[in-house]
Amino acid sequence: MASQDDKKTTSSVVDVNDPDTAAFGSRLLKDKDAVFEHNAWDNVEWDSEQEEYAKKQIEKHAESPVPAGEQDKYHIEAAEYWNKFYEKNENKFFKDRHWLRLEFPELFQTTDENVRLDLCLVAAFLESFDHVSNFLANLLQAGKKIVMEIGCGAGNTMFPLLQESHNPDLFVYACDFSSTAVDVVKNNPNYDIKRSHAFVWDLTSPTLPEFIEPGTVDVVVLIFVLSAIRPEQWERAVENLHKLLKPGGLVVFRDYGRYDLAQLRFKGGRMLSENFYIRGDGTRVYFFTPEEIEHIFSRLHESCQFTIEQNAVDRRLIVNRSRKLKMYRGMTIFVGIVGSIGGILYRDRVKAAEARESLAVRVRHLAEEPLGPRELPRKVIVYLSAPPGDGIDKSRLWFREYVKPILVSSALDYEVKEGRTPGKIQSMIFEQILQRRKVAAGLAPDPSTASGFAPLVPPRSELEGIVCVGRQAWREVLNGLDEGCRASLVDEVGEVKVGSTFSGEEVKSTESDDSTKEKDLLAASKPPVPEKPATPTPPPAPTQYTPTSDENFTLPPSFANIGYVPHHNLVGWGKVPQRLYLWVNDYIRVQQVGERVVHIVLGKTRAFRAGQDEEIGADERALWITDVGKQEAERDRVVLDGRIAERLEVYTE
């Protein structure tokens, strides 16, 4: 939030003490004897006597409020009262707001061609990175701007704004919760559906308009709107404003100020609650202080806070010179900026949630299909490997964020196996394939019948489906298949270890029992000598897989379908711009990775393409920029016998 010294505090954005400024907002009453020389005076400060009179009037209002039994109807039928208002007055009651350019020049930045709103997302060190520079340029680009007038009434802001616009790409949304008001706008001869769209919407609605994407509006105009909303609903209104605005977007606000002439004129039986009234036509109105406005937009909603650029009271003295009457008007004026990062992140969260839901919808029917009494759900094994030069936690997080939600939505059974060191996944696949070959050759018992009892349900192969998360897992699975098919089915006899064994009678000790006990006591009295920790044996350096001869080559009865899920692990300072970009556009990864998982879940497969599919995921090598990663890239070679490739099925991309 800007400091008080940095905020605009005058009612007009121009310097009222500058003789060269426009007359609006600069007529100051310096001589009280001259009060009746003009019809109006600007920035008139109240004295203590005037403020005391106002407080007494409010106290009188509180003494005779609207009866409790009648209050609910004004809240429930609020839209209907405004419908009756516009049926009676149409577009004749409010005048077009041509003062907007003087009061809110920020609003007209959207109408001038090639003028950009100043967004707060600027990082000088990123300028040298093309990827993020282009991203920032898109955020800051001139051209299409979206203004949304909430509580448009008869369009008294929209039509002057479009008439004065020099920007052909300016588009204005105009909404009101009075359907009659929206009809008035649409019946205006200046209504242009190419440049504007009027519709019915309540700012306190639990949902945004379906045709407005969150985080896309440049400026929201909120003039005499919040005062018509019940105080209990302000928090929802602020939340919706925050959702609508893009990073750096503006809220321009003008409404009734505390002790305004309109408030003091109320008679008894009009107060709904403190500073909240009903007019004679049944419409509601609240009277604000600047402190309340600051609280509403910066502290009322914890996650939807605005930076306050201007928060002031327009105090104007209106005089009736013939009757010598003085009437004080007070309007609160506010300009707020929605936080840049907060707006971007909210937009990304919404789009990511929408992407996950759209993917889940495509597979949810599988979870709803009933299984037979002796039928098990389909199962896949998910292999995770630590990215080269990084930890396994990165792969776990990737799986949890982009893969697991789709598996859960489909009720697909899955098991996660981790390869924390290079070659671990290849070793697991090798052992499984070798064991299945042994079972098929009758050299090992079948695990499904080893108990001697018939299984209650048909046995399910552990290799029913394989999901490889990342290029490294993909390579090790394929190499493991090749290695497992080449290994000998006969276990080789290992070397006999030479030890100190004795034959014949056991050698007996010649020492007496007493001397033995004495030695034991002496040994017990000595402080224990800490054992020297064993030096951990470093794991053997991984080497590139080299196939053995195929003299023992046989195939198992079948192979599991295999699928690849990309894992782009961005490390190093050089990837900071790309990481920042994806941090605020995570929905892109949700969609791209999720699309692969959907195909796996749906079981869509094709034949393995020898000579091509070995290189699936090879683009990840460009991300292996650490020393360990570079070594891994040199070893990144798949060896797969053609006889295996002929029988493999891979999940489609």
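H13 and H18 sit oblique to each other in this predicted model, since their axes make an angle of about 45°. For scale, the protein has 653 residues, and 45% of them count as buried. Its secondary structure comes to 20 helices and 17 strands.

**H13 against H18**

- H13 covers residues 392-410 and H18 covers residues 586-602, and their axes are 9 Å apart.
- As for handedness, H13 and H18 make a right-handed crossing.
- On the H13 side, the contact is made by Trp-398, Tyr-402, Val-403, Ile-406, Leu-407 and Ser-410.
- H18 answers with Asp-586, Arg-589, Val-590, Val-593, Gly-594, Val-597, Val-598 and Val-601.
- Sorted by type, the residues of this H13 and H18 contact are ten nonpolar, two polar and two charged.

**Ser-410, a closer look**

- Ser-410 belongs to helix H13 and is one of the residues that meet H18.
- Is Ser-410 buried or exposed? With a relative accessible area of 4%, Ser-410 is buried, because the cut-off for buried is anything under 20%.
- If you skip the neighbours within four places in sequence, Ser-410 touches Val-363, Leu-366, Ala-367 and Val-601.
- Val-601 in that list is also one of the H18 residues in the helix contact.

- Asp-393 and Arg-396 form another salt bridge, with an N to O distance of 2.7 Å.
- Why are Asp-393 and Arg-396 about one helical turn apart? They are three residues apart in helix H13, so about one helical turn separates them.
- Asp-393 counts as exposed at 52% relative accessibility, while Arg-396 is partly exposed at 27%.

**A buried salt bridge and its network**

- Arg-471 and Asp-636 meet through their side chains in a salt bridge of 2.9 Å, N to O.
- This pair ties together distant parts of the chain, 165 residues apart.
- Arg-471 is in helix H15 (residues 471-486), and Asp-636 is in the loop between helix H19 (627-634) and helix H20 (642-645).
- Arg-471 and Asp-636 are both buried.
- Which residues join the pair in one network? Salt bridges with shared partners link Arg-471 and Asp-636 with Arg-475, Glu-476, Glu-615, Arg-621, Glu-632 and Arg-635.

**H14 against H15**

- Helix H14 (residues 424-440) packs on H15 at an angle of about 35°, with the axes 7 Å apart.
- The crossing of H14 and H15 is right-handed.
- From H14, the contact uses Lys-424, Ile-425, Gln-426, Ile-429, Phe-430, Ile-433, Leu-434 and Arg-437.
- From H15, the partners are Ala-473, Glu-476, Val-477, Asn-479, Gly-480, Leu-481, Glu-483, Gly-484, Cys-485 and Arg-486.

- Most residues other than glycine have a negative phi.
- Tyr-259 has a positive phi of about 70° although it isn't a glycine, and it lies in the loop between strand S6 (245-256) and helix H10 (261-264).
- Asn-275 also has a positive phi, near 65°, and is placed in the loop between strand S7 (271-273) and strand S8 (276-278).
- Asn-275 is buried, at 5% relative accessibility.
- Leu-371 sits in the loop between helix H12 (340-368) and strand S12 (379-385) and is partly exposed at 46% relative accessible area.
- Neighbours within four places aside, Leu-371 contacts Leu-376 and Pro-377.

Technical notes:
Residues numbered from 1 in each chain as written. Predicted model: local features only at pLDDT ≥ 70, side-chain atom pairs only at ≥ 80, totals over all residues. Heavy atoms only, no water. Axes fitted to C-alpha atoms, helices over the stretch in contact; angles between N-to-C directions. Helix = DSSP H or I, 4+ residues; strand = E, 2+ residues; numbered from the N terminus. Parallel < 35°, antiparallel > 145°, perpendicular 65-115°, else oblique. Left-handed = near helix turned anticlockwise from the far one by under 90°. Contact = heavy atoms within 4.5 Å. Nonpolar A, V, L, I, M, F, W, Y, C, P; charged D, E, K, R; others polar. Buried < 20%, exposed > 50% of the residue type's maximum accessible area, 1.4 Å probe, protein only. Salt bridge = Lys/Arg side-chain N within 4 Å of Asp/Glu carboxyl O.
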